Amino acid sequence: ADYVFSSTKQMNEECLSRGIHSTCYPTIGVSSSFESHTSETLTEKDSFLFVGNISYLKGLEILFHAMATLPPHIKLTMIGTTIAESKSLLDLVSELGLEDRINYLGRMPRNELIEEYKNYKALVFPSMHDSGGFVILEAALSGIPTIAYDHGGPSALIKDNETGLLSEIGSKKDSIDNLAQSLLAYSEDSN
(Lines give C-alpha, C1' and ligand atoms only; values in the text may rest on other atoms or scores of the structure.)
Protein backbone atom coordinates (compact mmCIF):
# COMPACT_ATOMS: atom_id res chain seq x y z
CA ALA A 1 0.00 0.00 0.00
CA ASP A 2 1.16 3.52 -0.72
CA TYR A 3 -0.81 5.03 2.12
CA VAL A 4 -2.55 3.73 5.26
CA PHE A 5 -5.28 5.25 7.42
CA SER A 6 -4.63 4.21 11.03
CA SER A 7 -7.37 4.02 13.63
CA THR A 8 -5.11 4.77 16.63
CA LYS A 9 -2.10 6.93 17.37
CA GLN A 10 -0.11 3.81 18.28
CA MET A 11 -0.91 2.15 14.93
CA ASN A 12 -0.03 5.37 13.09
CA GLU A 13 3.35 5.60 14.85
CA GLU A 14 4.09 1.94 14.06
CA CYS A 15 3.37 2.50 10.36
CA LEU A 16 5.54 5.63 10.26
CA SER A 17 8.41 3.81 12.03
CA ARG A 18 8.34 1.23 9.22
CA GLY A 19 8.44 3.85 6.50
CA ILE A 20 4.74 3.52 5.62
CA HIS A 21 2.91 6.79 4.97
CA SER A 22 0.04 6.93 7.44
CA THR A 23 -2.52 9.29 8.91
CA CYS A 24 -4.41 8.67 12.14
CA TYR A 25 -8.14 8.74 11.46
CA PRO A 26 -10.23 7.46 14.41
CA THR A 27 -13.43 5.94 13.10
CA ILE A 28 -15.48 5.12 16.16
CA GLY A 29 -18.16 7.14 17.90
CA VAL A 30 -21.51 6.87 19.63
CA SER A 31 -24.95 8.25 19.02
CA SER A 32 -25.67 11.67 20.50
CA SER A 33 -28.93 10.22 21.86
CA PHE A 34 -27.03 7.91 24.20
CA GLU A 35 -28.14 8.56 27.80
CA SER A 36 -25.38 8.74 30.40
CA HIS A 37 -25.70 7.03 33.78
CA THR A 38 -23.71 7.17 36.99
CA SER A 39 -22.37 4.43 39.24
CA GLU A 40 -25.07 5.39 41.81
CA THR A 41 -27.36 3.00 39.93
CA LEU A 42 -24.99 0.05 40.47
CA THR A 43 -26.89 -3.14 41.32
CA GLU A 44 -24.08 -5.71 41.23
CA LYS A 45 -21.62 -4.51 43.90
CA ASP A 46 -18.62 -6.61 42.86
CA SER A 47 -19.62 -7.62 39.36
CA PHE A 48 -17.74 -6.69 36.22
CA LEU A 49 -18.98 -6.72 32.64
CA PHE A 50 -17.50 -8.06 29.41
CA VAL A 51 -19.23 -7.15 26.13
CA GLY A 52 -18.12 -8.62 22.80
CA ASN A 53 -17.55 -11.73 20.79
CA ILE A 54 -16.54 -14.60 23.00
CA SER A 55 -13.29 -15.73 21.43
CA TYR A 56 -9.63 -16.26 22.25
CA LEU A 57 -8.66 -13.00 20.49
CA LYS A 58 -10.71 -11.00 22.99
CA GLY A 59 -8.36 -12.02 25.83
CA LEU A 60 -10.90 -14.14 27.68
CA GLU A 61 -8.40 -16.85 28.61
CA ILE A 62 -6.35 -14.21 30.45
CA LEU A 63 -9.51 -12.74 32.04
CA PHE A 64 -10.69 -16.14 33.28
CA HIS A 65 -7.28 -16.89 34.81
CA ALA A 66 -7.32 -13.45 36.47
CA MET A 67 -10.82 -14.08 37.86
CA ALA A 68 -9.65 -17.40 39.32
CA THR A 69 -7.09 -15.57 41.49
CA LEU A 70 -9.67 -13.17 42.96
CA PRO A 71 -11.95 -13.59 45.99
CA PRO A 72 -15.10 -15.59 45.16
CA HIS A 73 -17.48 -12.65 45.72
CA ILE A 74 -16.10 -10.97 42.55
CA LYS A 75 -18.28 -11.92 39.57
CA LEU A 76 -18.26 -11.45 35.81
CA THR A 77 -21.20 -11.04 33.45
CA MET A 78 -20.64 -11.64 29.76
CA ILE A 79 -22.79 -10.27 26.95
CA GLY A 80 -22.18 -11.40 23.39
CA THR A 81 -22.03 -14.72 21.65
CA THR A 82 -22.67 -17.47 24.20
CA ILE A 83 -19.81 -19.30 25.86
CA ALA A 84 -21.21 -22.56 24.48
CA GLU A 85 -19.99 -21.35 21.07
CA SER A 86 -16.40 -21.72 22.30
CA LYS A 87 -15.80 -25.18 23.78
CA SER A 88 -12.19 -24.46 24.78
CA LEU A 89 -13.23 -21.40 26.81
CA LEU A 90 -16.14 -23.32 28.35
CA ASP A 91 -13.71 -26.07 29.38
CA LEU A 92 -11.38 -23.46 30.90
CA VAL A 93 -14.22 -21.96 32.97
CA SER A 94 -14.94 -25.43 34.35
CA GLU A 95 -11.26 -26.25 34.92
CA LEU A 96 -10.79 -23.02 36.91
CA GLY A 97 -13.98 -23.59 38.94
CA LEU A 98 -15.63 -20.36 37.75
CA GLU A 99 -19.06 -21.73 36.81
CA ASP A 100 -20.78 -19.94 39.73
CA ARG A 101 -18.91 -16.66 39.18
CA ILE A 102 -19.53 -16.07 35.49
CA ASN A 103 -22.98 -15.21 34.19
CA TYR A 104 -23.67 -15.47 30.43
CA LEU A 105 -26.47 -13.30 29.11
CA GLY A 106 -25.84 -14.06 25.43
CA ARG A 107 -26.55 -11.51 22.76
CA MET A 108 -28.65 -8.52 23.67
CA PRO A 109 -30.45 -5.85 21.63
CA ARG A 110 -28.53 -2.54 21.68
CA ASN A 111 -31.25 -0.64 23.61
CA GLU A 112 -31.19 -3.29 26.38
CA LEU A 113 -27.38 -3.45 26.36
CA ILE A 114 -27.08 0.30 26.88
CA GLU A 115 -29.28 0.02 29.98
CA GLU A 116 -27.30 -3.01 31.23
CA TYR A 117 -23.95 -1.20 31.53
CA LYS A 118 -25.08 0.84 34.51
CA ASN A 119 -25.48 -2.32 36.62
CA TYR A 120 -21.77 -3.08 36.84
CA LYS A 121 -18.66 -1.87 38.62
CA ALA A 122 -16.64 -1.60 35.37
CA LEU A 123 -16.31 -2.93 31.86
CA VAL A 124 -13.42 -5.35 31.36
CA PHE A 125 -11.82 -5.17 27.91
CA PRO A 126 -8.99 -7.75 28.06
CA SER A 127 -8.15 -7.84 24.34
CA MET A 128 -4.54 -7.37 23.36
CA HIS A 129 -5.42 -7.22 19.66
CA ASP A 130 -8.12 -4.56 19.21
CA SER A 131 -7.33 -1.25 17.56
CA GLY A 132 -10.66 0.22 18.63
CA GLY A 133 -13.15 -0.54 21.33
CA PHE A 134 -16.65 0.83 20.73
CA VAL A 135 -17.79 -0.79 23.99
CA ILE A 136 -15.28 1.36 25.90
CA LEU A 137 -17.11 4.48 24.68
CA GLU A 138 -20.49 2.97 25.57
CA ALA A 139 -19.23 2.19 29.08
CA ALA A 140 -17.86 5.72 29.54
CA LEU A 141 -21.13 7.27 28.46
CA SER A 142 -22.93 4.97 30.91
CA GLY A 143 -20.78 6.32 33.72
CA ILE A 144 -18.69 3.21 34.33
CA PRO A 145 -14.92 2.89 33.91
CA THR A 146 -13.10 0.36 31.76
CA ILE A 147 -10.27 -1.93 32.77
CA ALA A 148 -8.08 -2.78 29.77
CA TYR A 149 -4.50 -3.31 28.67
CA ASP A 150 -2.32 -0.32 27.83
CA HIS A 151 -2.21 -1.20 24.14
CA GLY A 152 -3.91 -0.23 20.89
CA GLY A 153 -7.33 1.36 20.95
CA PRO A 154 -7.92 1.18 24.72
CA SER A 155 -4.82 3.25 25.46
CA ALA A 156 -6.19 5.98 23.18
CA LEU A 157 -9.68 5.89 24.73
CA ILE A 158 -8.98 5.48 28.45
CA LYS A 159 -7.34 8.07 30.68
CA ASP A 160 -5.54 5.89 33.24
CA ASN A 161 -6.82 6.29 36.80
CA GLU A 162 -9.58 8.66 35.62
CA THR A 163 -11.85 6.91 33.14
CA GLY A 164 -10.49 3.46 33.88
CA LEU A 165 -7.35 1.49 34.53
CA LEU A 166 -4.75 0.48 31.97
CA SER A 167 -2.88 -2.70 32.87
CA GLU A 168 0.57 -3.51 31.56
CA ILE A 169 1.05 -6.40 29.16
CA GLY A 170 3.91 -8.74 30.02
CA SER A 171 4.41 -12.47 30.11
CA LYS A 172 1.21 -14.50 30.33
CA LYS A 173 1.58 -14.70 34.12
CA ASP A 174 2.34 -10.97 34.44
CA SER A 175 -0.62 -10.07 32.20
CA ILE A 176 -2.93 -12.23 34.34
CA ASP A 177 -1.56 -10.74 37.58
CA ASN A 178 -1.80 -7.15 36.30
CA LEU A 179 -5.40 -7.60 35.16
CA ALA A 180 -6.33 -9.27 38.46
CA GLN A 181 -4.78 -6.37 40.40
CA SER A 182 -6.83 -3.87 38.39
CA LEU A 183 -10.06 -5.81 38.99
CA LEU A 184 -9.30 -6.07 42.69
CA ALA A 185 -8.47 -2.35 42.88
CA TYR A 186 -11.87 -1.40 41.47
CA SER A 187 -13.61 -3.94 43.69
CA GLU A 188 -11.95 -2.58 46.85
CA ASP A 189 -12.10 1.07 45.76
CA SER A 190 -15.85 1.35 45.86
CA ASN A 191 -16.70 -0.90 48.79
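I began at the end of helix 3, which is followed by Gly-97, a residue with positive phi, near 70°. Helices here are DSSP runs of H or I with at least four residues, strands are runs of E with at least two, and both are numbered from the N terminus.

I noted that this is a predicted model, in which local features need pLDDT of at least 70, side-chain atom pairs count only at pLDDT 80 or more, and totals for chains, interfaces and linings use all residues. Residues are numbered from 1 along each chain as its sequence is written, and side-chain values use heavy atoms, with hydrogens and water left out.

**Helix 3**

I looked up the buried residues (under 20% relative accessible area; exposed is over 50%, partly exposed in between; 1.4 Å probe, protein chains only). In helix 3 (residues 87-95) they are Leu-89, Leu-92 and Val-93. They lie on the same side of helix 3 because they cover an arc of only 100° around the axis, taken from the directions from the helix axis to the C-beta atoms. Their packing partners are helix 2 (60-68) and strand 5 (102-106), contact being heavy atoms within 4.5 Å. I found exposed Lys-87, Ser-88 and Glu-95 on the face turned away from the buried side.

**Salt bridges**

I recorded six salt bridges in the structure, each a side-chain nitrogen of Lys or Arg within 4 Å of a carboxyl oxygen of Asp or Glu. One of them joins Lys-173 to Asp-177, with the closest N and O atoms 2.6 Å apart. These residues are four apart in helix 7 (residues 172-189), so about one helical turn separates them. Lys-173 is exposed at 55% relative accessibility, whereas Asp-177 is partly exposed at 26%.
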